[in-house]
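Have the sequence and the structure open side by side while reading.

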Amino acid sequence: MRNVTSFTLVLSLWLLPVNSAGQTNILTQHNNPQRTGANTGETRLTTQNVKSGDFGKLWEYPVRGRIYAQPLYVTIDRPGPNPVTHMVIVATAENWVYAFSADSNSPAPLWRFDAGSANVALAARVYLDDGGQKHGQDITPTVGIIGTPVIDLENLTMYFVAMTQETGQDRFAHTLHAIDITNGVSKGRQLITGSVEGGGTFNSHRQNQRAALALVKDPALGDRVYVAWSGFGDIRPYDGFVMSYGTMNSPNPLKKLAQFQVARFNPTLGSRHKRGGIWHSGGGPAIDDRGNALYVVTGDGDSRNNHAGRDFDSSTVRLDLGLRVQDYYTPSYQNFLNENDLDLSVAGPMIPEDQPDAQGRPVKLLVHAGKAGIVYVLNRDRLGRFHEHSNDIIQELQAFPTADDLEHQMEPSHIHTTPVYWRAPDGGRVYVASDYNLGIRAHLFQNEKLGTLPVASNFFPRAPISQMSLSSNGSQAGTGILWAISSPTGLVATYPGILYAFDAETLEMIYSSETHPFDRLGDYPRFNAPTIADGKAFVPTFTNKLVVYGLCSRAPANTCRCNVCP
């Protein structure tokens, strides 16, 4: 039996839902700075009413460009002749930002902001290497706003990065923008620049701002926005970075404050290591619930095991707010991960509730996963560092095995989704999904470790699975719903997306947007998540639209919604 007395207060803090005084706000990717993916204040949607006939497509908002960034949701008092209470804000790969009234089916935005649509970067030029050779376009056809923005609600400001290029030239730039969320007016912008330790300067042509932005409120030093970087399709040379900038209300508005560089060891004069990108499949850095550290997971790079602690590719890293390395974990098999593109950074970090050890003492955890199908459970107070013949971490769970050893891991094992955490009626659960066709699994915490066998699973022949979201009314039975977007094939540009809802307790599928033709979504938005708030699901697409699903109207006086007339 668990001794829970010593950490009841810690759990009570996590019981607080996204809602506060009836207000729902989803201000960052995966719902909160800890990246749990859960909105535990959803009181309208349940496993009983999310089903075809009762739940379906309500309307669509037209936008220009594919949506790689997760939609954000704000409860706000916007006065005027047409007051607005709830806004959904979405950014696109054509450098447009739109705000819509989340309570209205009007296709007209409340406002829109142009961050450089006329000179948005073109994937056909971005994905050329230095020799002019074309590479596969993971992001296409334009590369504008890709990483999910972050909102500072207290100061009514949203921050995001837009990529542009000079007309007719292969010269590219990234710009950090700050805009007023009440009217879409610019508050300021800053060109991203910087030097590279070991030689060179920041090169926008090679740097991909894919990971979500993060915001930390720091009354002592000033609030900061954090921006992480990787590469485009592993086209060299590129570097993994995290950069911090002062917010508009800080003493240094939009000034670059610090930079962390993943690979920096100089083994021989005139050469250095590179890569180690931070992309998290669109996930963001996870912010410690104490607000004094952030965590990133890095991709494969050029270094070797004997450089661990100086280079940080294929590692989990804890940074202080000044982006100094506080701790790290590098697997003993880092060399193998680097040599075989078994990227750790494909699934972002997630901070669940503290879990008790066998003596009832709370353990501060960090969970992430990778291409090898392994879920890593780490102690945030002691990540584990590097050991040549062992790994000093809490747990490595082979969630999606295809063989008995790493050397034979195949693509179905890949986990490209940041794990989701929910305190279900039976305890704390972590949900992980295969990027190909091994489905979704839920593992229950048993003290500070996850149970080896899933407590629920769902295998369905769809590939791949996007980032997931979860909605619930606290831990109440019958309210937990796991949401995911998938596609019938692994191709990401031309195939339809499908919105799925699963009972989060059993992982039984309770809704599919393919059941009714009217509900169909649009092209699959790879590595993106639906946003669930106030009884609606706001679902991104690659078909120039944001699609809204919700409970169907049954009142005869109302317009027929969900294409199901009373």
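How do the residues of the lining of the second largest pocket divide into nonpolar, polar and charged? In this predicted model, the lining has 11 nonpolar, 8 polar and 10 charged residues. The second largest pocket holds about 620 Å³ of space. It is lined by 29 residues, and those closest to its centre are Asp 138, Gly 233, Trp 279, His 416 and Phe 527.

Next come the salt bridges, of which the model has 29. One of them joins Arg 125 to Asp 170, with 2.7 Å between the closest N and O atoms. Arg 125 sits in helix H2 (residues 123-126), while Asp 170 is in the loop between strand S10 (157-165) and strand S11 (172-180); the two are 45 residues apart, so this pair links distant parts of the chain. Arg 125 has a relative accessibility of 35% and therefore counts as partly exposed. Asp 170 is also partly exposed, because its relative accessible area is 35%.

A second salt bridge is formed by Asp 300 and Arg 275, whose closest N and O atoms are 3.1 Å apart. Asp 300 lies in the loop between strand S19 (293-297) and strand S20 (316-320), and Arg 275 in the loop between strand S17 (256-261) and strand S18 (286-287), so the pair ties together parts that are 25 residues apart in sequence. Both residues, Asp 300 and Arg 275, are buried. They also belong to a network of salt bridges that links Asp 234, Arg 236, Arg 275, Asp 300 and Asp 302.

Another salt bridge brings together the side chains of Asp 357 and Arg 361, at 2.8 Å from N to O. Asp 357 counts as buried because its relative accessibility is 10%, which is under the 20% limit.

Technical notes
Residues numbered from 1 in each chain as written. Predicted model: local features only at pLDDT ≥ 70, side-chain atom pairs only at ≥ 80, totals over all residues. Heavy atoms only, no water. 1 Å grid on protein atoms, 1.4 Å probe; cavity = no way out; pocket = protein on both sides within 12 Å on 5 of 7 lines; lining within 4 Å. Points joined across faces, edges and corners; volume = space filled by probe spheres on them. Nonpolar A, V, L, I, M, F, W, Y, C, P; charged D, E, K, R; others polar. Salt bridge = Lys/Arg side-chain N within 4 Å of Asp/Glu carboxyl O. Helix = DSSP H or I, 4+ residues; strand = E, 2+ residues; numbered from the N terminus. Buried < 20%, exposed > 50% of the residue type's maximum accessible area, 1.4 Å probe, protein only.
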